[in-house]
Amino acid sequence: MEKYISNIENPKVSIAPMVDKTHRHFRYFSRIMDKDMLLYTEMITAQAIIYGDLEKVLFFREEEGKVALQIAASNPEDAFKAVKLAENFNYSEINLNCGCPSDRVSGNLMGAALMSSKELVYEILCAMKEATNKPVTIKHRIGIDGTGIITDKKSKVIMEGYEDLLDFLGTISKAKPDRYTIHARTAILKGLSPKENRDIPPLDYNMVYRLKKEFDYLNIEINGGFKTLEQIKEGLKHVDAVMIGRAAYEDAYLLANLYKLDSNSENISPLSRGEIIRKYIPYVEEELENGSNVHSLVFPLQSLFHGQRGNGQYKQLLSSSAIKKETVLDTLNKIFEIMPEDVLWK
Ligand SMILES: Cc1cc2nc3c(=O)[nH]c(=O)nc-3n(C[C@H](O)[C@H](O)[C@H](O)COP(=O)(O)O)c2cc1C
């Protein structure tokens, strides 16, 4: 294993890259709740950056704070070009997706399928490093089963177990990635949908914890199944950081409590849900004027009252059929009328 000690700034928590979820409105909303966490873009293919409308694909607002750009690429040339083009935007890190199991992504030898060829991952990471001075990071799985998808005889179709993970990392660590975010599940590339691939393969945190224990100089973030502050605290005992995926949009208020991970936070209280909404409404107003999609703007609010009294009514108020561009600001202000005072402001 290459002994490279990155000097990357390491937030304890990050919010995972998630297609159709972690768009810039979601990130703006999340940032209201926590100043320190690292936020990710959705996965953006290198081709979309190279051939797309750059401003549309890569634009983000300064208020979003630290944002990592995640790219998907299948070769070093595209990765290099995409990262070079992204230099015009103020992303704090660039991340390579080696974890996505979808057919479309795997079929183009991107995402988790890339893990079948450690040399190729090494070359792509080197190209990304050559294109930028920013930290370059990778998000991958603990293993893959590429049976029926990966046909190249030189590639490793099945990567399972700790030894295979070490073999993969032994090669890619030579490119000196600044952080390894490891989704603690194997990706099964044929027969399971992306959704099933986030639930069916069992979580194996121990494999990730063992890696950090044996190679403490590697900067390791764990991902998969973290839903509560207690679980995150436990994860942080073993590795450098924890990445939260679905919980960020299934129970958004969790983010307002992340500050409690800091030991000297006793005298601080979290922003109330009402305050969060108040801070978000002017943004919605502004973005509507810019022509942003009203449903994407409302999406981040959907789970803010998860588990709270009045949540049913709240969700009805924000249901997609009830949301209209012309009336959305009234609808958002109505939250203050229908939700119980203590739930809004405590
Ligand atoms: C809707 C959705 C979209 C996702 N899109 C991406 C993506 O673009 N890039 C990526 O690396 N992982 C993607 N993932 C996987 C997540 O980043 C994360 O690894 C996974 O959800 C496991 O974490 P969790 O159990 O905390 O949700 C996606 C997950 C979901 C639910």
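How many helices and strands does the protein chain have?

1. The protein chain has 15 helices and nine strands, where helices (H or I, at least four residues) and strands (E, at least two) are DSSP runs numbered from the N terminus. The model is a predicted one, in which local features need pLDDT of at least 70 and side-chain atom pairs count only at pLDDT 80 or more, while totals for chains, interfaces and linings use all residues. Residues are numbered from 1 along each chain as its sequence is written, and side-chain values use heavy atoms, with hydrogens and water left out.

2. On overall form, the C-alpha trace of the protein chain spans about 60 × 45 × 40 Å along its principal axes. Of the 346 residues, 55% count as buried (buried is under 20% relative accessible area, exposed over 50%, partly exposed in between, with a 1.4 Å probe and protein chains only).

3. On contacts (heavy atoms within 4.5 Å), 71% of those between residues at least 6 apart in sequence join residues at least 24 apart.

4. The structure holds 20 salt bridges, a salt bridge being a side-chain nitrogen of Lys or Arg within 4 Å of a carboxyl oxygen of Asp or Glu. One group of residues, R24, R61, E63, E286 and E287, is linked in a network of such bridges.

5. K12 and D262 form a salt bridge through their side chains, at 3.4 Å from N to O. K12 lies in the segment before β1 (13-15) and D262 in the loop between α10 (247-250) and α11 (273-289), so this pair ties together parts that are 250 residues apart in sequence. K12 counts as partly exposed because its relative accessibility is 37%; D262, also at 37% relative accessibility, counts as partly exposed.

6. A salt bridge of 2.8 Å, N to O, joins the side chains of E93 and R179. Since E93 belongs to strand β4 (residues 93-98) and R179 to strand β7 (residues 179-188), the pair ties together parts that are 86 residues apart in sequence. Both E93 and R179 are buried.

7. The side chains of R246 and D199 meet in a salt bridge at 3.0 Å, N to O. This pair links distant parts of the chain, with R246 in the loop between β9 (241-244) and α10 and D199 in the loop between β7 and α8 (205-214), 47 residues apart. R246 counts as buried at 18% relative accessibility, whereas D199 counts as partly exposed at 42%.
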